[in-house]
Amino acid sequence: MPRISVTKLGEYVGSRSAARRKTILTDQKHPKAFKTAIYNECFDPLVAFFVDPSHDPGAIRAAMNAIVARPATTSADLTRREVNCQALGHLLACVATLPVAGVTFRKAPESAPPLVIAGVAVSVRPELELV
């Protein structure tokens with residue numbers, strides 16, 4: 001059965017370029033070897049921020065400090081550290097304007113079954129669920 005990630009499906013649907021759509025389909029049909037996930041270090045702090053009813057920005061700052069404190073031995077480590085801190089920094093920059101009042105979040109299960117749409121399995125992995 002054909003498969004595509006929800007991210008790539010969204011990119012495919014929103015792309016105006018026929019060449020980009022063809023590349024997306026080719027990459028999904030013949031996937032490349034796994035690429036290291038660059039945002040792993042900020043994932044848990046982001047989820048924890050939303051799951052915590054107080055939405056404490058101090059926890060995000062603490063996570064940023066912990067990321068910066070980790071030694072970086074390669075340029076990839078430095079890049080990973082920088083982009084994870086940037087992601088958390090963007091959350092801090094908009095935390096006061098987030099419409100989270102009255103909304104309850106919970107961490108989503110680690111795996112979810114794919115959605116089958118018109119015979120195509122769309123892999124979905126939500127990070128948070130609204131309750």
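Rings of Phe, Tyr and Trp, the last taken by its six-membered ring, are said to pair if their centres lie within 6.5 Å. The model on display is a predicted one, and a search of the whole of it finds two aromatic pairs. Select Phe 49 and Phe 50 to see a pair whose ring centres are 5.1 Å apart and whose planes stand at 85°, so that the pair is edge-to-face, planes over 60 degrees apart being counted that way.

Next, select His 55, which lies in the loop between helix H3 (40-51) and helix H4 (57-69). Is His 55 buried or exposed? Its relative accessibility is 12%, and His 55 therefore counts as buried, the limit for that term being under 20%. If residues up to four places away in sequence are not counted, His 55 touches Phe 49, Phe 50, Val 100 and Phe 105. A polar atom of the His 55 side chain also lies 3.0 Å from the backbone oxygen of Phe 49.

Now move to the sheet, an open one in which three strands follow the order E1-E4-E3 with mixed pairing. Strand E1 (3-5) and strand E3 (115-117) are the edge strands, each pairing on one side only, and neighbouring strands of this sheet are turned against each other by 35° on average, direction ignored. Select E3 together with strand E4 (residues 120-123): the two run antiparallel and are joined by three bridges, and Val 116 stands opposite Ala 121 in E4.

The last stop is helix H2 (residues 18-29), whose twelve residues, at 1.5 Å a residue, should span 16 Å; the end C-alpha atoms are 16 Å apart, which agrees. At the start of H2, look for a side-chain oxygen of Ser 17, which reaches to within 3.3 Å of the backbone nitrogen of Ala 19. Then select Gln 28, which also lies in H2 and which counts as buried because its relative accessibility is 16%. Which residues are in contact with Gln 28, leaving aside its neighbours within four places in sequence? They are Arg 3, Ile 4, Ser 5 and Lys 8.

How values were computed. Residues are numbered from 1 along each chain as its sequence is written. This is a predicted model: local features need pLDDT of at least 70, side-chain atom pairs count only at pLDDT 80 or more; totals for chains, interfaces and linings use all residues. Side-chain values use heavy atoms; hydrogens and water are left out. Helices (H or I, at least four residues) and strands (E, at least two) are DSSP runs, numbered from the N terminus. The expected span of a helix is 1.5 Å times one less than its number of residues. A polar contact is a pair of N or O atoms within 3.5 Å; within protein, one must be able to donate a hydrogen and the other to accept it, and residues adjacent in sequence count only if both atoms are side-chain atoms. Two strands pair if DSSP finds at least two bridges between them. Axes are lines fitted to C-alpha atoms, for helices over the stretch in contact, and angles run from 0 to 180 degrees between N-to-C directions. Buried means under 20% relative accessible area, exposed over 50%, partly exposed in between (1.4 Å probe, protein chains only). Contact means heavy atoms within 4.5 Å. Rings of Phe, Tyr and Trp (its six-membered ring) pair if their centres lie within 6.5 Å; planes under 30 degrees apart count as stacked, over 60 as edge-to-face and the rest as tilted.
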